[in-house]
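Visitor: Could you take me through one part of this protein up close, and then show me what else is worth a look from there?

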Amino acid sequence: MPKYSIGVDFGTLSGRAVLVNVATGEELADSVFDYPHGVMDETLPDGTRLGVDWALQHPQDYLDVFSHTIPGVLEKSGVSPADVIGVGIDFTACTVLPVKADGTPLCFLPKFAGNPNAYVKLWKHHAAQDKANALNETASSMGEEWLARYGGKISSEWAFPKLWQILDESPKVYEAMDAFVEAADWVIWQLTGKQTRNSCTAGYKAMWSKSEGYPSKAFFKALDPRMENVIEEKFSGPVTPLGGKAGELTEAAAKLTGLNPGTAVAVANVDAHVTVPAVKIDSAGKMLAIMGTSTCHMLISDKEVKVPGICGVVEDGILPGFFGYEAGQSCVGDHFAWFIDNCLPKEYFDAAEKEGVNIHKYLRSKAEKLKVGESGLLALDWWNGNRSVLVDVDLTGVMLGMTLQTKPEEIYRALIEATAYGTRKIIETFRENGVPVEEFYASGGISQKDPMTMQIYADVIGIPIKIAGSLQGPALGSAIFGAVAAGKQAGGYDSVMEAAQAMGKLRDEVYIPIAENVKAYDKLYAEYSILHDYFGRGANDVMKRLKELKKQVSRE
């Protein structure tokens with residue numbers, strides 16, 4: 001009988017499960033569940049107001065993903081639970097929550113239900129920027145060598161700024177928590193009954209390294225004397241390598257999911273990183289961009305180099321035997337959706353309805369007719385801050401060159417081009433620092449649904465773009481790790497590389513750069529670079545001043 005594994009991908013707004021044939025990589029069924037609480041960025045469920053730059057989630061939504069999607073794929077496919085040999089999950093990161101020793105989230109407790117700091121802090125929670133700034137200043141002044149592994153800056157999106165915010169604003173929450181955990185590890189905990197900490201999030205988001213561990217007690221004490229023993233008190237437990245088995249489904253988890261008790265469960269992973277084997281990447285110099293609401297750039301290399309402004313380099317952080325590099329852009333799909341939701345005239349929606357197409361497709365049909373440079377517009381892609389290479393969430397968006405004749409499709413295309421320039425900036429930063437980028441792959445919804453955007457990217461970066469063969473890249477990658485957790489004896493695989501070659505997929509089509517467009521975009525990118533450095537490297541901090549004024553007014 002064929003054997004199967006299930007990958008569960010926890011995204012920003014929903015969770016998705018995919019059931020995959022272990023031998024062929026065929027995806028038999030998928031199921032999606034939208035988080036009932038969504039992203040809480042204005043109020044808690046009880047109406048408690050949130051401040052500027054908050055982004056929270058409710059952990060019950062994650063359990064509901066398991067109870068809806070896994071039974072869903074079993075029912076759709078007709079596959080028996082007895083033939084499912086493994087489960088893998090991936091998650092957005094850094095998405096973290098405070099829990100008790102038994103794994104109970106503090107927000108589940110009545111006395112903390114109205115405290116924002118007791119909830120899950122989503123990856124794009126940016127309200128701890130002041131803590132990130134102080135952390136970076138302290139690390140730099142103390143000469144902490146580990147800081148260079150993260151491009152010289154720790155982001156407010158990462159674990160310790162978020163934890164420090166809890167300590168500073170809600171010390172009772174800090175004292176009550178027994179552990180501060182990645183949501184990725186928390187859901188594995190709920191499946192297996194065992195707490196694990198995966199090496200991917202520990203390495204990229206919690207300043208841990210395979211050779212050195214976490215930063216010293218002296219460093220944490222310098223941040224805040226109350227954090228001197230933060231690792232022992234809030235981050236206890238060994239870090240578990242990727243590709244391993246976290247445990248097996250408990251009786252309770254089996255009832256939740258409809259699978260059999262004892263089914264192998266893989267160590268947790270991150271949505272971007274887990275997608276690498278799903279596109280068959282198995283050697284150095286190949287970059288994968290996972291393009292969705294944001295974009296993560298994954299790159300593996302044979303060597304470790306300190307690259308300024310990247311999100312991190314972690315040994316075995318993506319694939320065993322390689323140094324895995326991460327970079328990213330905080331606003332891509334969110335960027336385009338914001339424009340459509342807020343800036344289009346009614347006549348465009350009416351025209352789209354008349355033609356029987358969705359508004360995105362209608363707008364693209366107008367934007368793709370424009371020649372490179374025809375609009376006279378140039379944008380910066382920082383509408384949700386800059387992750388790489390400036391690592392600064394206080395940066396904001398710019399649209400330059402608008403006139404009374406500017407059309408919506410011109411603005412829309414300029415926003416797309418801005419994100420492509422941001423990706424080129426990341427590629428060039430790697431190359432300038434001795435890390436080759438020779439091939440480019442793309443996964444995620446944009447790569448699958450938006451040929452215009454992918455051609456623009458190919459023309460801007462000047463590299464052919466290969467496209468993932470699965471609509472569910474992270475979920476497929478998680479299924480690959482689930483098959484490895486099960487092992488060959490159970491019908492799976494004993495290595496990620498072997499599983500990737502059997503189960504990974506690429507489309508036949510490749511987006512080839514158009515020479516004429518490449519030349520035109522070289523000129524526009526040069527202008528982008530000038531703006532990038534002017535607003536992003538301290539020549540003019542007007543964005544920060546305006547954002548601070550906004551915060552002051554909101555507090556009045």
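Guide: Let's start at V391, which counts as buried because its relative accessibility is 13%; buried means under 20% relative accessible area, exposed means over 50%, and partly exposed is in between, using a 1.4 Å probe and protein chains only. Keep in mind that this is a predicted model, where local features need pLDDT of at least 70, side-chain atom pairs count only at pLDDT 80 or more, and totals for chains, interfaces and linings use all residues. Residues are numbered from 1 along each chain as its sequence is written, and side-chain values use heavy atoms, with hydrogens and water left out.

V391 isn't a glycine, yet its phi is positive, at about 50°. You'll find V391 in the loop between β18 and β19. Helices (H or I, at least four residues) and strands (E, at least two) are DSSP runs, numbered from the N terminus. That loop, between β18 (378-380) and β19 (398-400), also holds V389, and a cis peptide bond with omega of about 15° joins S388 to V389.

Now for another cis peptide bond: A93 and C94 are joined by one, with omega of about 10°. C94 sits in the loop between β5 (84-91) and β6 (96-99).

D316 is another non-glycine with a positive phi, about 60°. It belongs to the loop between β16 (312-315) and β17 (323-329). D316 is partly exposed, because its relative accessible area is 21%.

T192 takes us into a helix, α5 (residues 183-192). T192 is buried, since its relative accessible area is 5%. Apart from neighbours within four places in sequence, T192 is in contact (heavy atoms within 4.5 Å) with A246, G247, E248, T250 and V265.

Points are joined across faces, edges and corners, and a volume is the space filled by probe spheres set on the points.

There are 2 cavities of 30 Å³ or more. The largest cavity has a volume of about 90 Å³. Its lining has 13 residues, and E182, R197, A202, A206 and F235 are the closest to its centre. β8 (179-182) and α6 (199-205) each give two or more residues to that lining. By type, the lining splits into 8 nonpolar, 1 polar and 4 charged residues; here Ala, Val, Leu, Ile, Met, Phe, Trp, Tyr, Cys and Pro count as nonpolar, Asp, Glu, Lys and Arg as charged, and the others, Gly among them, as polar.

The second largest cavity, of about 40 Å³, is lined by L370, K371, G373, E374, S375, R413 and E417.

Last stop: the second largest pocket, with a volume of about 430 Å³. Of its 17 lining residues, V52, A127, E548, K551 and R555 are the closest to its centre. The largest share of the lining, 6 residues, comes from α20, and 9 of the lining residues are charged.

Terms used
1 Å grid on protein atoms, 1.4 Å probe; cavity = no way out; pocket = protein on both sides within 12 Å on 5 of 7 lines; lining within 4 Å.
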